[in-house]
Amino acid sequence: MSGPTRDPKGATISFCFDGKTYKARAGDTLAAALLANGVGLVGRSFKYHRPRGIMTAGIEEPNALVTVGDGGRAEPNTRATDVFVYDGLIARSQNRWPNLSFDVGAVFSLAAPMLGAGFYYKTFFGSAKRWMFYEYFIRKAAGLGNAPTKADPDRFSQRAAFCDVLIVGAGPAGLQAALEQAEAGKRVILVEQDSILGASLIRDPQELDTAWAEGAAARIRAAGGRILTRTTASGYWEHDLVTLTQRLAEPGEVPSSGVAQRLWHVRAGQVILATGSIERPIAFAHNDRPGVMLSQAARTYVRRFGVLPGKRVVIATNNDDAYKTAQALQDAGAEIVAILDARPQFSVAAAGAESAGLPVWTNAIPSSVSGARHCLTGVTAIVDGQTKSWKADLIAVSGGFTPVVHLHMQAGGTLDWNDAAQAFVPAASRQNVTTIGGAANPDPVFPVTPVSNPKKSFIDFQNDVSLADVDLAWAEGYRSVEHLKRYTTLGMATDQGKLSNMAALGRLAEKQGVSIPEAGLTTFRPPYTPVSMGLIAGAGAKNAGAHVRRLALYDVHAAKNPIWQPLGYWFRPRAYPQGQETLAQAALREAQEVRTGVGMTDVSTLAKFEVSGPDAATFLELICATTVGKLAVGRGRYTFMLREDGIAFDDGTVWRLDENRYLLTSSTGGADRMATHISYVRQYLCPQLKVSAVNVQEHYAGIAVAGPKAKPVMDALIKADAPRHMSTVPAEIAGVPVIVLAASYSGERAFEVYVEASHAASVWAACEAEVTAQDGCLYGLEAMEFLRIEKGHLVVGGEVDGRMTPMDLALDKMLNKAGGYIGATGLSRPALAEPGRRQLVGLEAISGDIPEGAMLITHKGASPEGHVSAAAFRILEGGSVALGQLKDGFSRHGEELIASSPTRGQEARVRVVHPHFYDTAGERYRD
Amino acid sequence: MMQITCPHCGPRAQSEFIYERTVDSVVPLDAAPEQAMATLFARTNPRGVDEEIWRHTYGCRAWLIMTRHRVTNEISATRAVGPEALP
C-alpha cells in the first residue's frame, strides 16, 4: 500500500485566499490546502447567503465555489475541490459583502420563510413596473462569482482525434479495461478528470493501489494507448463523438505553453464508461454547514492529502462503505464519537466496528446539527425513536451512491432502477457505449426517510433548495418532476444536481406514494461539468472566426485612405474624402461628379457565374424569371430570381458572351445563397442538362465607370467604339483582356469592366488615368447608394427583402410569359394577387428629412402601413427622397403620410410618388 | 455531431456538411399549382426515417441524399446525386 500522495516534507508553495497568504504542499487541491490551514468557511450560498464549507473532494462540490486567478484569467465559480494549488494561486470567496465572515446579504437567511420555491413567480407576477424596480436589487443580491471584465490572455485550442476504444475514468475498472483493450491491439484513449490515476484506489488502496495504477498506465502507453489526465469527458454526442475538455494549466495559472485548455473531439469506435459514482448526502437540519462532509471525501482528505478534517467525528450512514471512513479517521487520530447507521440490523461491517470498540448506533438517523459560522459543534439524531446528541466538529455522511450515468444518458441511453442500491443504473443505449465498474454496480444501501424539520434540510445546496421547497411545490400542485425542477430551481445550479436529484426524487415519490422510478427522472444534458466559453470558441475567440476577404484592388484603395464599409465578406470603400470632408460631404461630391461628369468605382464583390454548354439558356431560364434565350450574342439584360414560393430573392444582369456562354451577375450579399441555388438546380433538380455553371465571383475583379463622360473614357480605354447600353464586347485595356458590359446602376451611361483579378491593378490604373483626364473622381458605396435610390433601382436586402413578389416590385412586366422558371408555380398563388400587399413606392419629403427604417403611418397613433427601406437626397437639386414599401402603394401616389422613427426620434411628412426620381424615361443611358 | 458518409469522400464529420431540405419538399418542375403548394407548405415531418438532402459544402461540395432516423439519428444510407450519379 502506498501512502498519501501529499508530499509529507512540509509546506512548499504559498497561495492566497481572500487576501491572506497560506502554505500548501504540491499535489493539494485548494480545498485540501484550506482544510489543512483550518479554513472552514469558504463561501456563501446563492440565495440565503448561508455560510458554507467544503462538502466533497471532487467535481460534485456544491458549496466551496471560489474565483481563482486575476484579471482576464479569473475563473469564477471554480470548485475548490477541482483546482490544484500552484505557487502564487489567488482565490477569492464569492457572493459576500463586505467579507466572508460578516456578510450583509445574510439577512436573506432571516427572510427565508418568504423566499421559498416560486418566490419570484409569485411576487412579481403581473406587474412589469414592480419588476423593473426590484430587478436591480435582485440581480445585485443573487448569483455567485462575477465574470471577468478583461480579455483572457491565454489561448484555447481544439483538436480532433479518433480511436477504437475511448475509456472514461481511470479508476480500477477503467484502467483494467484500457489495459486489456490496448494490449489487444486497439487504439485506446483513456481520460481521467483528476491529476493522478487511480480514482477510488487513491483513498482505498487494497490489493490494487496507486502504484498498480502507475504500472497499468505504463503498460497502456507502451501498447500505444494515450492517457489524458486533468481531462473531463464533458459531452457525449451523436455517433459516438465525445468531447473532452483538457486543462493544460490550472484555473488562473499562466500556462507554460500559452494554451490554457484544449477541447478534443474524439470519434470513438466504442466507448467504455468507468465513471464510478457520487456519494449522496443525507437530509437533516442545517446539513449545509461547514463541518458537514461526505464520508468518502473525509476519507480522501485523510488518506490522499494527509489532512484531518475533524477531531471529534460523527459518521452517519446507510451502508457499509462509511465504516472505512471511520477506520481511516481513527487511524489518523480522530475520535469517532458515534456511528449513526440508519439500518435496523447490524451488518458485518457494523458488527466488526462495534467489536473494535467504535460506538455504533443502529436505526439512527441524524436530525440536526448545530454550530457557529466557521465550524460544527454538535450533532443530534433520532435513535430508535429517541433523541440523542453528541459534541462533534465533523459529521461524515453517506446516503448511498449515485452512479455517474450522465454520459450514458447523453448518448441516448435509458436507465434501470436498482432497488438494492436505490439508484438508477445504465440500461440500453442506441450508441456503442457500455458502462462498467461502480457506475454499473453501485453498493447496496438502506433507504432513509428524513426525520428532520424540512425547512433547513437542504437537498440542493448550490441553489438553496430544501425539503420544504419540494413540499411546497407539491402542495401547490406541481406533480411532474420536470415542473418540480423548474419551480424550485432544484438541480439547475452549476453542479446540475449531482448531489440533489436523488434526494428530491425520493421526497417527490414519498409525496406521490409511488416508487422512485415511477416518479421519473429529468434528463442529463452536456456538459457534465462547466466548460469555459473560450474553450468552445477556440481560436475563433481572438477575431479569427470572422472571414474577411481582401479585394484584389485592396492596396490601390488603401493608398487613398478611404472610409471602409463591410459588405459581405469584404470591406469596400464607402467614400474617398478629400481634405476635411465628412462622409456625407464626400459622398455627395462623388455622386454629383457621376451625375455631371464621370466617376469610377470597384464592383469586384458582385456575384458572378459563368454558365456554358448547349443547355446554358435552358438552365438560365430556370434560374431567372425573365427571358434569357432570346438575347442575341453580345447583348445583356436585367433579370431577377424567385424562390419556389414566388418571392423575389435576388437580382442582377445576364449577358450572352457567346453562342453557348453566358455571364450572370447578382448581389454581393446574396452571393453564397445564389451559388447554392445554382448548384442545387444543376446537381439536384436538373442533373441531365448539358451545362456547366462556374462561380467566377473572385476570378474577376470589376470596375464600373459611370457618368455623362463615361462613353469617351471607355472609347479611349478600349481604343474602339464602346458598346451601347446593355451590350457587351471583349476588349483589351492596358494590354489586358477584359469584358466590357454597358450597364448602369447609377442611372447614367455606364460600363462595367471585368478583368482577371491578378491583372486588376493595371486595368484600374489605366481607367483612373482616363477618368482623371476627364476631371472625374472615384466614388464609393455611399455615393452609389445615393445614385441608385434617386434612380429607383433595387437593392437585395433593402427593397428585395424576402417578402416581395415581382408584382410588388413592379417587375411583373419583365416576367417570362412562357413560364417554366423556378417560382412560376408559386407566383400563381391567388393570395399573392390579392389587395393589401405592400408595394414599392417612392417617398418625397414635404417637411423634414426622411429617416431610414421609419414606419409609414397616416396619422399619429395609427398602425404602420409600410416602411422606408432606403433614404437619400436628390443629388443635384437637394431634398430628401426615399424608397419604401406601402400597403397598396401603387394606387396611393399623391397621398401624404408620416414617416416616423420613434427609435431615432425622427419624423418627416412625406408624399407618395413614383419610385424613379431621376430620368424616368431612361434617356441618359443612351448616347 | 453526426458522422456522415459522403458517397464521394467517405466518412466525415457533420461539420463539413450542410443540411438543405427533405426530399419530399422538392417541387418538381412540372408540378401543378396545388401539388406545388402542398409540397412547399405541408410537410410530413415524420417521427422516424426520412430522406434528406445534404451537401458536402466544406468537402467535395457534392449534393447527396441521406436516409436518417430523425429520433435516433441512425443513418441507414447515403447516395450520390448530380450528373455523375445519372444512370
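**Group meeting: cores and chain contacts in a predicted model**

Let me begin with A:V465, which sits in strand β28 of chain A, residues 465–466; strands (E, at least two residues) and helices (H or I, at least four) are DSSP runs numbered from the N terminus. This is a predicted model, in which local features need pLDDT of at least 70, side-chain atom pairs count only at pLDDT 80 or more, and totals for chains, interfaces and linings use all residues. Residues are numbered from 1 along each chain as its sequence is written, while chains are lettered from A and ligands numbered from 1 in the order in which they are written.

Is A:V465 buried or exposed? A:V465 is buried, because 30 other C-beta atoms lie within 10 Å; the cut-off for buried is 20 or more, with C-beta atoms placed from the backbone. Among the residues that A:V465 touches are A:F458, A:T488 and A:S500, contact being C-beta atoms within 7 Å.

I turn to the cores. A nonpolar core is a set of buried Ala, Val, Leu, Ile, Met, Phe, Trp, Tyr and Cys residues joined through C-beta atoms within 7 Å. The largest has 150 residues, and A:L34, A:I315 and A:L340 are among those with the most contacts inside it. Strand β13 of chain A, residues 259–273, contributes the largest share of this core, eight residues. A second, separate core has 111 residues, including A:V611 and A:A854.

Finally, the chain contacts. In chain A, 18 residues are in contact with 19 residues of chain B. On the chain A side, α20(A) gives the most, with three residues.

Notes. A residue is buried if 20 or more other C-beta atoms lie within 10 Å of its own, exposed if 12 or fewer, and partly exposed in between; C-beta atoms are placed from the backbone. Two residues are in contact if their C-beta atoms, placed from the backbone, lie within 7 Å. Lists of a residue's contacts leave out its neighbours within four places in sequence.
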